[in-house]
Amino acid sequence: AELWNKAAEQYDMVEKLLDPESELCGCLTDVENNGIWQFMNLMAIKIRYPGITSGNPTFTNRYLEEKKISRENTPRVSYSLSYGLSYGLSYKRTSTTVSERLAKIDFSKSDEELLSDVAKNLVD
């Protein structure tokens, strides 16, 4: 709960900064095209699946097996779940290869489809 409370505080701050009336540069507020949205999706995956980017295939295999078992044991009921995530941002020059690999990940896939891509292409 403490993590989510801290995330909520950061989200509130970012929400104010991204207000259309904010004086921030458009290149910073264009989160869908500047890499921030992709990074936020990656952070959400790392929180849901600790160790997924460690390069250790045991994590990936365990998560995929859990998804498979869950899918097999779950009645076919349709539902929706959403959540928000925010983080503090500080400027740090990162390798363009990481940015390029991150840009190629399709975070609209289901977690089951996404886990292998993230584990393979985004090792810390």
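**View 1. Overall fold of the predicted model.** Residues 24 or more positions apart supply 65% of those contacts in the protein that have a separation of 6 or more. The model shown here and in the views that follow is predicted, and the protein it describes contains 6 helices and 0 strands, so that, read from the N terminus, its elements follow the order α-α-α-α-α-α. Of the 124 residues of the protein, 20% count as buried, while the protein exposes about 9,400 Å², of which carbon and sulfur atoms supply 54%.

**View 2. The largest nonpolar core, with 13 residues.** The residues with the most contacts inside this core are Ile-45, Ile-52, Phe-107 and Val-118. Two or more residues come from each of helix H3 (36-48) and helix H6 (111-121), and H6 gives the most, with 4 residues. In soluble globular proteins, nonpolar side chains tend to be buried together. When its neighbours within four places in sequence are left aside, Phe-107 is in contact with Gln-38, Asn-41, Leu-42 and Ile-45, and also with Leu-102, Leu-114 and Val-118.

**View 3. Helix H6 and its buried residues.** Asp-111, Leu-114, Leu-115, Val-118 and Ala-119 are the buried residues in H6. An α-helix has 3.6 residues a turn, so residues three or four places apart point the same way. The buried residues of H6 pack against H3 and against helix H4 (57-73).

**View 4. Helix H3 and its buried residues.** With 13 residues, H3 reaches 18 Å from its first C-alpha to its last, which is close to the 18 Å expected at 1.5 Å a residue. Buried in H3 are Ile-36, Gln-38, Met-40, Leu-42, Ala-44 and Ile-45; one of these, Gln-38, is among the contacts of Phe-107, and Ile-45 is among the residues with the most contacts inside the largest nonpolar core.

**View 5. The aromatic pair of Tyr-49 and Tyr-63.** A search of the whole structure finds 1 aromatic pair. The ring centres of Tyr-49 and Tyr-63 lie 4.9 Å apart and their planes stand at 70 degrees, and because planes over 60 degrees apart count as edge-to-face, the pair is assigned to that class. Tyr-49 lies in the loop between H3 and H4, whereas Tyr-63 lies in helix H4, so the pair ties together parts that are 14 residues apart in sequence. Both tyrosines, Tyr-49 and Tyr-63, are buried.

**View 6. Two buried threonines, Thr-53 and Thr-60.** Thr-53 has its place in the loop between H3 and H4, and it counts as buried because its relative accessibility is 3%, where the cut-off is under 20%. Apart from its neighbours within four places in sequence, Thr-53 is in contact with Leu-42, Lys-46, Val-118, Leu-122, Val-123 and Asp-124. Thr-60 is found in helix H4 and, at 10% relative accessibility, likewise counts as buried. With its neighbours within four places in sequence again set aside, the contacts of Thr-60 are Ile-52, Leu-115, Ser-116 and Ala-119; of these, Leu-115 and Ala-119 are buried residues of H6, and Ile-52 is one of the residues with the most contacts inside the largest nonpolar core.

Key:
Residues are numbered from 1 along each chain as its sequence is written. This is a predicted model: local features need pLDDT of at least 70, side-chain atom pairs count only at pLDDT 80 or more; totals for chains, interfaces and linings use all residues. Side-chain values use heavy atoms; hydrogens and water are left out. A nonpolar core is a set of buried Ala, Val, Leu, Ile, Met, Phe, Trp, Tyr and Cys residues joined through side-chain atoms within 4.5 Å. Buried means under 20% relative accessible area, exposed over 50%, partly exposed in between (1.4 Å probe, protein chains only). Contact means heavy atoms within 4.5 Å. Rings of Phe, Tyr and Trp (its six-membered ring) pair if their centres lie within 6.5 Å; planes under 30 degrees apart count as stacked, over 60 as edge-to-face and the rest as tilted. The expected span of a helix is 1.5 Å times one less than its number of residues. Accessible areas come from the Shrake-Rupley method with a 1.4 Å probe; for residues, only the protein chains shown count as cover.
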